[in-house]
Amino acid sequence: MDPAAITIDNLADPVVIQWLSEIESAAVFYGKSTGFLAKYMRDRGPEALQVAVLYENLVQDYSQLAEEKYGQKIIAVYPTEGSLFSDHPFCILDADWVSEEQKMVADEYLKFLSQKELILKAIQTGFRPIDVNLLDESDIQEVYQLSFNMEHGVTADPGVIIELHPPTDGLVIARIPDLWLLTRNSE
Amino acid sequence: MVTQEHRIGEAPIIRNNLLLRAEKELSKKKYKRILEIIVITFFALIILAPIINIISTVIANIGEIRTRLFFDILLGDSQWVIMREALWDSFSIAFVAVAIDVAIGFPIAILLTRNEFPGKHFIDFLVDLPMAVPTSALGFSVMMFWGIMGITPGRTLIIFVHVAFTYPYIVRNLKLAIEKVDPLLEKAAMTLSASKMTVLRTISLPLIREGLIAGTILAFTRSLGETGATMICAGLVETAPILVVGLRKQLQLPTASFLSLVLILISLTLLIIVKLIARRNTATSKFWQIHFEWEKFFSKSIFTKGTKILAGLLMTLLVLIPSFYIFSEIRPVEIGVELFGADNKWAYLWSAVVNSFQIGFLVIFIDVIIAIPFALMLEREKWGRVNGILDTILDIPLIIPSAALGFAVFMFWGPAGINLAQPGLGMIIFTHLTFTFPYVVRPIAAQIKNIKIGHEEASATLGAAPLTTFRRITLPAIKNGVIAGMIAAFTRSLGETGATLIVMGADRTVPVLIVDWVEENAFYAAALASVIVILISALLLALTRVFMPKESQRL
């Protein structure tokens, strides 16, 4: 479905609510952050938690530690329906409530983030470069291969990851968490 | 030489004369009126305005609130059902927690007032301590303790943590009430062959009823409004204050205003009940039958001593050990790894400690400047009913759930209101001023009541201006009240979580940081932060007990 065409009526569709309820019914417990879930997997092993929605960098952080403790890595699975990209794209809003000074600072920040030194550091820390052309540079490719590999529980092939585009209507996005109110367990 | 000495000696005299003249000028009625206007305006803006604003926000947005709660396109009436369940959870948890408090608090209050034993003052101090400790630190400690017993976050754990921090309110109020009962009355009844249980029912209970009810309602409202510890121990349960925090985060401001108003109205109703009970004559009960056989039986030493021992054990198990269990979770190596890791938690902890102290000091500074003239007005001015009204309004922030109060402040001072403050340290200060002000006024007012008016009159008859009399006589006499109020307010500011969560920006205070760290599973760092604030609170409580006038120890 075209993300731009998604409306609140789609969210209210009983089929969608039923689908979310089925996912919810498989939840062992609710964690308060992805960091919590990753640590829980590492500390308690597969007996306690088998599947969680995590950031890729968390998989890299805890994959080998989990293997040392439980003999099994934490492995990233990339859904064929798509994966949500976090903190991307970097936006500088062209709104009347954003001052020129704020735009200038945001622009400087973007330049700072785009420095090669920072890009290398981000890749080392487990943040995947969105711009695959960066991988054509040999030093970046080298660091990338060291960080993104099955040894760390994540794929080195960016082609495997399909970007899931969220709805474009802000009102729809704002109401998505409300679906959880209908399906969550409160006991 | 002589001339020079004279000049050196003249300087302080000239300064003193200038000061006396300035005091005489400033003692004039017009300046007194200006001061009164400033104080009343501060009081109205800080305490009343946010609450009135919440009422008007709800009225102005009633259509949107109605749609959101009952006829939402996506949720139908689910939001209302969630709100109702949250209110029910808050009430039922408060009810059970306070019932446990009373059951184990009553024998301990008797023990601490009517018995002498080694270590009594230390136990008395330990009983009070959970009231001074930031609830998020307490909640984390309680969670860790019951966790080893296999109790995971949920209703049971919330009840346990609420018992721990509301228990002192019951014991403290009961102790003050029991101390006022003349033991001769009880002894007289016993000489007339009444058993201990009969004396308790017919003499002691009617006399301490006011203290018992006041303590119960205070503990109940404290439990009803608690946020920090509850967030840590709640798991999937959402109490009403947690829901207010959640709605604020989702920017559902009208719905959050509605829930805050409900909580404020419930608390005000309970406050009015306390005030009405305080005015009632309690010694009017009639007893159709004085001596019951079963009372005689249960008055045997084995039962009375057994009850005290059992209450002592339960207090140790439910209040004392869980509250301070966190000290056993201090692991230097693991703390080092967490604090000095990639995310540099040490810097956050340090910054949060500095923020908490900065906020606390600024708040008590402003509080004291306004609280001294306010307390004088409250005790000295003959404004008829106005004094009573001011006295009642003063207690409102003590009884309203801090999350609701924080939200009211956010809506009044913030972008949705008069837009004088943005979420962040400034707004935290406004919020903390609201609920710490009564803590400063009460001990000062109690001290003013005790001042021998003759000293001030003597000063006036010797020609001193009212302001000079205030500086030389009144201020030294109320010094302990001022210090006690400052410490109590600082302790309260240091420990506040719910309201701070509502009005904060990117900066953190220590209690909020503890909640954050528990949520991200950084237990060792959270344990260190908890121990730090527990130790600071213990020190502050010890100082409060030194300075606090006896008359203001209730609340």
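## Exercises on a predicted two-chain model

In chain B, the axes of helix H16 (residues 345-380) and helix H19 (residues 425-450) come within 6 Å and cross at roughly 40 degrees. Axes are lines fitted to C-alpha atoms, for helices over the stretch in contact, with angles from 0 to 180 degrees between N-to-C directions. Helices are DSSP runs (H or I, at least four residues), numbered from the N terminus.

This is a predicted model: local features need pLDDT of at least 70, side-chain atom pairs count only at pLDDT 80 or more, and totals for chains, interfaces and linings use all residues. Residues are numbered from 1 along each chain as its sequence is written, and chains are lettered from A in the order in which they are written.

**Exercise 1.** Classify how H16(B) lies against H19(B).

*Step 1.* Take the crossing angle, roughly 40 degrees.
*Step 2.* Apply the cut-offs: under 35 degrees is roughly parallel, over 145 roughly antiparallel, 65 to 115 roughly perpendicular, the rest oblique.
*Step 3.* The angle therefore makes H16(B) oblique to H19(B).

**Exercise 2.** Sort the residues in the contact of H16(B) with H19(B) by class.

*Step 1.* Ala, Val, Leu, Ile, Met, Phe, Trp, Tyr, Cys and Pro count as nonpolar, Asp, Glu, Lys and Arg as charged, the others, Gly among them, as polar.
*Step 2.* The contact has 22 nonpolar, three polar and three charged residues.

**Exercise 3.** Describe the contact between chain A and chain B.

*Step 1.* Two residues are in contact if their C-beta atoms, placed from the backbone, lie within 7 Å.
*Step 2.* Chain A contributes 17 residues and chain B 12 residues.
*Step 3.* On the chain A side, H8(A) gives the most, with five residues.
*Step 4.* That side divides into eight nonpolar, four polar and five charged residues.

Technical notes:
Helix = DSSP H or I, 4+ residues; strand = E, 2+ residues; numbered from the N terminus.
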